[in-house]
Amino acid sequence: MKGLLGVHRDGALTEELRLTDDALAGRRVPARLAPDAVASLVCGFCSTGCGLDVHLQGGRAVNVAPAAGYPVNGGHACPKGWAALAPLAAPDRLTHPLVRRGGKLVPCDWPEAMRVLADGLGAVQRRHGAEAAAFLSTGQICTEEMALLGAVAKLGLGMVHGDGNTRQCMATAATAYKETFGFDAPPFTYADLEQSDVIVLWGSNLCVAHPILWQRICQNRHVPEIVVVDPRATETAAAASWHVRPRPKADLALAYGLAHVLIARGWIDRAYVDAHVAGFDAYAAHVAAFPPERVAHDTGVPVEELERLAARLHAGQRVSHWWTMGVNQSHQGVRTAQAITALALLTGNLGRPGTGANSITGQCNAMGSRLFSNTTNLFGGRDFADAAHRARVADVLGVDAGRIPTHAGWSYDRILDGVLTGAVRALWVIGTNPFHSWINRRALADVRARLDFLVVQDMYGSTETAREADLVLPAAGWGEKDGTFINSERRIGLVQKVARAPGVALPDLAIVQLVARAMGVDAMFERWRDPESIFGLLRALSAGQPCDFTGVTGYAMLAEHGGVQWPYPAGAPAPPVTERRLFEDGRFFTPDGRARLVTAEPAPLPEAPAPRYPLLLLTGRGSASDWHTRTRTGKAPVLARLGATDAYVEVNPADARARAIRPDERVKVVSRRAEVIARAVVTERVRPGEVFMPMHDAATNLLTVAAFDPHSRQPAYKASAVQLQRLEGWER
Ligand SMILES: Nc1nc2c(c(=O)[nH]1)N[C@H]1C(S)=C(S)[C@@H](COP(=O)(O)OP(=O)(O)OC[C@H]3O[C@@H](n4cnc5c(=O)[nH]c(N)nc54)[C@H](O)[C@@H]3O)O[C@H]1N2
Ligand SMILES: Nc1nc2c(c(=O)[nH]1)N[C@H]1C(S)=C(S)[C@@H](COP(=O)(O)OP(=O)(O)OC[C@H]3O[C@@H](n4cnc5c(=O)[nH]c(N)nc54)[C@H](O)[C@@H]3O)O[C@H]1N2
Ligand code: SF4
Ligand SMILES: [Mo]
């Protein structure tokens, strides 16, 4: 640390930082890749995990094209993949750390930034205890980076509380899988999309959110029935063969109704259930209370359609269920995911080609985060509360087991509540933009006001969150560093450095190492040298776990095989070229090897429509070209043109007429928390009583109500009560 602070030259890297950068990110563009090489990387946007070929010319990355031979996407990419290089060159890229002085963020060098960080975090931890500092991380950095972050923060700095934006996204699926299968283990492989004869998409707008998975469905030669369950008539619903349109949050009752019919008609696979499932009798008793008439009343899906759908699930030979945010982001998301999973279990549609209860993830490395961020579970899907698990991890990492927290720490919402109650005083935010994306984000103004110290680590200084920081650390982005991502089908894939980060921006890995050094705990992390050595640690941490990938010898193997799906234990047969699914032997990761059936009573909406707020606001993805808070896609000219440019709200013609709202008129959207202005898109895509706003506009989460699934603590982003009003005197 002394050296780091000592050798500093203004505006340039210190010698020591130069060494750090060389060692971690590597000046490898010329060294490892030929100046005119074609480098293969997994895409840095969605969890599909497409392979992209980056073409170098004279050592510079000039072009991207989908990798023809990659097992995920076979020559296809969506607009974001094609434009993946553009965000790297954005004018608002951070080139230097920024520190707040006299109310303004001004550039500084790394030694200064690390002094400010050590002072800020150090002061809070000395005064209020180590737990008074917390972190919020992401599913969009490399697994090696999130693992080091989780190690340094929790084991090194005693930050017991740390969570990720995966809470906003995957917590429900992870919780449901853990309880039902005994481990957070999405069972599918993408080939299942091509092998099913019935595909049910629950709350998933695949055409927009995972276009290349939709492409895989289009390659299905069995002419599958494609059922979309969504209150909105989405792009995907339009492309499907059957659109089932329940009322929002009625999926739980719908799934129970389907189970009711399947059981009543004897349309279940009794042999499979007897051999591999626990809790059938209680489940059958529970769903007995959901006859078609009740379910039709509760969901808005007619009796006849419900029965026809049950019959289709029965007639299908290879039925697969897939779900995304329409399920995960609800106040009963976990139980809904489990009720969908129950349909697969009851009908024996698991562990065979074309089947499964399949949660599609969101971000490029959400699956890495679920295993190795060291937030909700201890490295490798272990349990913080289990002494044997802590001992094992301590052994692999060469640290004192006493440094590992004995409980998982708070979820995202509780960390923010902790700030409001004064328990948390410093926050380190990495690769996420909560001042835009968090539910009811208006409350974050209070959070900011109460924080003694806010550090934000991002590629851009212009994000809603970076603008609030006391210290901003400039991060290298996708394509500017080495490491791995894990995609939705559990495929570990490679990313590599094909471009230099601007200015003195560093890979998150290097930044976390600097933080460790600045805080005086770097000696604990000597084994965490560079991405590939860290990958070796993760491999060792996976040993004996369901996610065991000890058979993956290193990055070269990943490059050679187009990624490798976990599990791939040492000694597993031959190169892992084919796609693999889980549970082919019907044995789950529960103590008795059986999957669990779990039930709940459907609960009312947290904020039901009422006379003053009669409309239900749904939110979600707006287009295939917009990514989340648009910090990246907003800077690719072609994506910005393809995406939406302004805040808009989809409203049914009947609701528009009743309020004398004309198409494209600007209207006020009012909730109990805020009012925002948006352009009215008058469309049958939404039903009367329902409106939709994309999450890409920062206004949307001013409106949302802070409601959560009680088991996963995932925000229920997709049901808030609002009203629409004409703007007085508005004229076209
Ligand atoms: N282009 C693009 N692609 C992305 C992303 C992006 O920002 N842009 N983000 C990525 C990430 S992180 C994620 S998590 C995924 C999300 O992918 P998706 O989950 O497919 O996307 P959403 O639009 O959030 O929600 C899907 C659908 O849920 C529906 N829905 C709302 N309420 C309900 C309900 O109660 N029941 C049912 N059945 N449906 C309901 C909405 O109408 C919406 O069409 O996308 C990933 N891919
Ligand atoms: N209303 C509503 N709100 C939602 C949702 C919804 O459906 N409706 N969906 C939720 C979901 S599923 C999700 S996943 C969240 C996403 O919410 P966020 O995570 O807040 O969204 P992003 O825009 O992806 O933010 C990622 C940030 O990381 C930065 N970044 C990118 N790469 C790197 C890197 O390599 N290193 C570092 N340090 N930074 C990097 C980007 O510039 C950006 O600022 O939004 C949630 N919010
Ligand atoms: S589908 Fe997802 S992984 Fe594939 S190119 Fe598009 S954003 Fe990237
Ligand atoms: Mo997400």
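Helices (H or I, at least four residues) and strands (E, at least two) are DSSP runs, numbered from the N terminus. The model is predicted: local features need pLDDT of at least 70 and side-chain atom pairs count only at pLDDT 80 or more, whereas totals for chains, interfaces and linings use all residues. Residues are numbered from 1 along each chain as its sequence is written, chains are lettered from A and ligands numbered from 1 in the order in which they are written, and side-chain values use heavy atoms, with hydrogens and water left out.

Glu-601 is located in the loop between β20 (595–596) and β21 (615–620). Contact is defined as heavy atoms within 4.5 Å. When neighbours within four places in sequence are set aside, Glu-601 is in contact with Leu-252, His-286, Phe-290, Arg-294 and Gln-332. Gln-332 is 269 residues away from Glu-601 along the chain, and the C-alpha atoms of the two are separated by 9.4 Å.

Helix α24 (residues 508–518) packs against helix α5 (residues 110–128) at an angle of about 60 degrees, with the axes 9 Å apart. This angle makes α5 oblique to α24. Here axes are lines fitted to C-alpha atoms, for helices over the stretch in contact, and angles run from 0 to 180 degrees between N-to-C directions; angles under 35 degrees count as roughly parallel, over 145 as roughly antiparallel, 65 to 115 as roughly perpendicular and the rest as oblique. On the side of α5 the contact is made by Trp-110, Met-114, Leu-117 and Ala-118, and on the side of α24 by Ile-511, Leu-514, Val-515 and Ala-518.

After α24 comes Gly-520, with a positive phi near 75 degrees.

Strand β9 (residues 225–229) is likewise largely enclosed by the rest of the structure, because five of its five residues are buried. Glu-225, Val-227 and Val-229 lie on one side and Ile-226 and Val-228 on the other, so that both faces are covered. Two strands pair if DSSP finds at least two bridges between them. Strand β8 (residues 198–202) runs parallel to β9 and is joined to β9 by five bridges, with Val-200 opposite Val-227. Strand β10 (residues 242–244) also pairs with β9 in the parallel sense, over three bridges, and there Trp-242 stands opposite Val-227.

A further sheet is open and has three strands in the order β1-β2-β3, with antiparallel pairing. Its edge strands are β1 (38–42) and β3 (60–66), each pairing on one side only. The twist from one strand to the next averages 30 degrees. Six bridges link strand β2 (residues 51–57) to β3, and His-55 has Asn-63 of β3 as its bridge partner.

Most residues other than glycine have a negative phi, and most peptide bonds are trans. Trp-566 and Pro-567 are joined by a cis peptide bond with omega about 0 degrees. Pro-567 is in the loop between β19 (564–565) and β20. Phe-583 also lies in the loop between β19 and β20; Phe-583 is not a glycine, yet has a positive phi of about 65 degrees. At 5% relative accessibility, Phe-583 counts as buried. Ala-660, in the loop between α28 (653–658) and β23 (666–671), has a positive phi of about 55 degrees. Ala-660 is partly exposed, with a relative accessible area of 45%.

How values were computed:
Buried < 20%, exposed > 50% of the residue type's maximum accessible area, 1.4 Å probe, protein only.
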